[in-house]
Amino acid sequence: FFPLHIEPESTMMVEAQMCDNQLSLLDWVVKSVPAGWFVVVKEHPGATAPRPPGFWWRVKKYPNVILAATLEDSSDILEKAKAVASINGTVGVQSALNGLPVISFHPRFIANCLPHVLVANSYDTTREAIKRIENNDLPDLDTRLHSARAFSEGLSDCTFPMDHKGL
């Protein structure tokens with residue numbers, strides 16, 4: 001599952017400039033998945049502007065891509081997903097917390113510390129990450145969920161609620 005990010009957005013423009021071309025990242029994933037696998041691509045529901053000319057034309061040219069409706073619930077897609085590829089999105093964090101393997105393209109993605117989050121910064125490292133997922137070369141689900149709970153509890157211990165709706 002490859003959920004798209006809003007563009008322009010600070011994550012890609014400031015924090016992870018190396019991830020500023022989602023089409024290139026998608027290309028790495030689409031060309032790396034094994035035969036018989038499909039990559040579900042979904043536009044961000046908060047997108048306020050159309051993608052650059054030719055973006056969707058190129059995405060639709062991949063024979064192993066399925067386009068999901070923008071407003072389709074991501075949780076329905078995640079139920080059947082083998083993994084998620086994300087730069088720095090909420091879907092990536094939620095997936096990691098549920099023990100689903102995540103390929104992260106952001107070197108400082110908050111969930112990169114989890115053993116089932118695989119950082120990719122090139123076509124080769126994307127292929128390696130997908131190969132590990134395909135071969136189930138990851139910690140077992142219990143270990144992933146245990147790690148995710150520890151991460152979530154640690155995050156909770158270091159945060160506080162903000163009641164002001166304007167912040």
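Here's a quick tour, covering the sheet, the cores, and a few single residues.

This is a predicted model, where local features need pLDDT of at least 70, side-chain atom pairs count only at pLDDT 80 or more, and totals for chains, interfaces and linings use all residues. Residues are numbered from 1 along each chain as its sequence is written, and side-chain values use heavy atoms, with hydrogens and water left out. Helices (H or I, at least four residues) and strands (E, at least two) are DSSP runs, numbered from the N terminus.

- Let's start with an open sheet of 3 strands in the order 4-5-6, with parallel pairing; two strands pair if DSSP finds at least two bridges between them.
- Strand 4 (84–86) and strand 6 (117–119) sit at the edges with a single partner strand each, so one side of each has no neighbour in the sheet.
- On average, neighbouring strands here are turned by 25 degrees against each other, direction ignored; the axes are lines fitted to C-alpha atoms, for helices over the stretch in contact, and angles run from 0 to 180 degrees between N-to-C directions.
- Strand 4 and strand 5 (residues 102–104) run parallel and are joined by 3 bridges.
- Across that pairing, Ser-86 stands opposite Ser-104 in strand 5.
- Helix 5 (residues 90–97) lies across strand 4, strand 5 and strand 6, and runs at about 140 degrees to strand 4.

**The nonpolar cores**

- In soluble globular proteins, nonpolar side chains tend to be buried together.
- A nonpolar core here is a set of buried Ala, Val, Leu, Ile, Met, Phe, Trp, Tyr and Cys residues joined through side-chain atoms within 4.5 Å; buried means under 20% relative accessible area, exposed over 50%, and partly exposed in between (1.4 Å probe, protein chains only).
- The largest core has 27 residues, and the members touching the most others are Phe-2, Leu-26, Val-29, Val-39, Ile-103 and Phe-105.
- Helix 2 (22–32), strand 2 (39–42), helix 3 (55–61) and helix 6 (123–134) each supply at least two residues of this core, and the largest share, 6 residues, comes from helix 2.
- Leaving out residues up to four places away in sequence, Val-39 touches Phe-2, Leu-26, Val-29, Val-30, Val-33, Asn-64, Val-65 and Ile-66, where contact means heavy atoms within 4.5 Å.
- Apart from this core lies another, of 15 residues, including Ala-81, Val-84, Val-91 and Val-117.

**Ser-74**

- You'll find Ser-74 in helix 4 (residues 74–78).
- Ser-74 counts as buried because its relative accessibility is 16%.
- Not counting residues up to four places away in sequence, Ser-74 touches Phe-1, Lys-42 and Val-91.

**The cysteines**

- How many disulfides are there? A disulfide is a pair of cysteine sulfur atoms within 2.5 Å, and by this rule the count comes to 0.
- The sulfur of Cys-113 is 12 Å from the closest cysteine sulfur, in Cys-158, and that's too far for a bond.
- Cys-113 counts as exposed, at 58% relative accessibility, and Cys-158 is exposed too, with a relative accessible area of 68%.

**Thr-159**

- Thr-159 is in the segment after helix 7 (141–157) and counts as partly exposed, at 47% relative accessibility.
- The side chain of Thr-159 has a polar atom 3.2 Å from the backbone oxygen of Leu-155, and this side chain also reaches the backbone oxygen of Ser-156 at 3.3 Å.
- Thr-159 and Phe-109 are 50 residues apart in sequence and, C-alpha to C-alpha, 17 Å apart in space.

Methods
Polar contact = N/O pair within 3.5 Å; in protein donor to acceptor, adjacent residues only side chain to side chain.
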